[in-house]
Amino acid sequence: ARVREHPARFKVVACGRRWGKTELGKMSLMEQAIGYQMRGWWLAPTYQMSNRLWMDLKKSIKKETGITISESERRIDYDNGGMIAVRSTHNPDNLRGEGLDLVVLDEAAFMHPRVWSEVVRPMLVTTRGSAIFLSTPFGRNWFYDLFRIGLDPEEPEWQSFHYPTSSNPLISAEELEGIRRITSAHVWQTEYE
């Protein structure tokens, strides 16, 4: 709720594995499409990753009325004008051309940096759209740079959030302790903390 309700236009969310990043992104997209008639995209680094989300998204809305689902375009259109599409960033140039209100970049740290700077960011110009960057860290790359922007009080449109896996109440402390005991400190810090 803290992330969803924050007024920042660009939200950078660095969280541990199984924290709930996907659920946050799905709720945000659905809320915008249903409640505000906005057009949004879910982006993932690979087709396989985006396909998992597509299946989950369809399950989430299967009882809703007033929607049209296009399997070939992996797109959901709402009668009110809202839209959600699921795409892969494997070939960034295939994404060009659309104007959007919200983009969720899942596992953003694993995408090529030009996905944001050259392809997605221009799609938000005419609508003054927003973006949510969801990821576990992957070294000090472009996602790290965006996270640092979100910490800067001189950048009011940006906000960064960090939560460890342990903040998910559905995961037991015993389960995490078992993982921590047999995992290297580097992997534990990166993937869970």
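**Entry 1: strand β2.** I looked up Trp42 and found it opposite Val104 in β6. The model is predicted, and I read every entry here with that in mind. I then checked how β2 and β6 (residues 102–106) are joined: the two strands run parallel, with four bridges between them.

**Entry 2: the other partner.** I went on to β5, residues 83–88, which also pairs with β2. The sense is again parallel, and I noted six bridges for this pair. For a reference point I took Gly40, which stands opposite Ile84 in β5.

**Entry 3: the largest pocket.** I turned to the pockets and took the largest, with a volume of about 530 Å³. Its lining holds 17 residues. Which of them lie nearest the centre? I listed Arg18, Lys21, Thr22, Asp106 and Glu107.

**Entry 4: make-up of the lining.** I sorted the lining of the largest pocket by residue class and got nine charged, four polar and four nonpolar residues. I then asked which helix gives the largest share of the lining. The answer is α3, with four residues. Both α2 (21–36) and α3 (47–61) supply at least two residues each.

Entry 5: I cross-checked the two topics. Asp106 is among the residues nearest the centre of the largest pocket, and β6 spans residues 102–106.

Notes:
Residues are numbered from 1 along each chain as its sequence is written. This is a predicted model: local features need pLDDT of at least 70, side-chain atom pairs count only at pLDDT 80 or more; totals for chains, interfaces and linings use all residues. Side-chain values use heavy atoms; hydrogens and water are left out. On a 1 Å grid over the protein atoms alone, a cavity is a set of points where a 1.4 Å probe fits but cannot get out, and a pocket is an open set with protein on both sides within 12 Å along at least five of seven lines; lining residues have an atom within 4 Å of a point. Grid points are joined across faces, edges and corners, and a volume is the space filled by probe spheres set on the points. Ala, Val, Leu, Ile, Met, Phe, Trp, Tyr, Cys and Pro count as nonpolar, Asp, Glu, Lys and Arg as charged, and the others, Gly among them, as polar. Two strands pair if DSSP finds at least two bridges between them.
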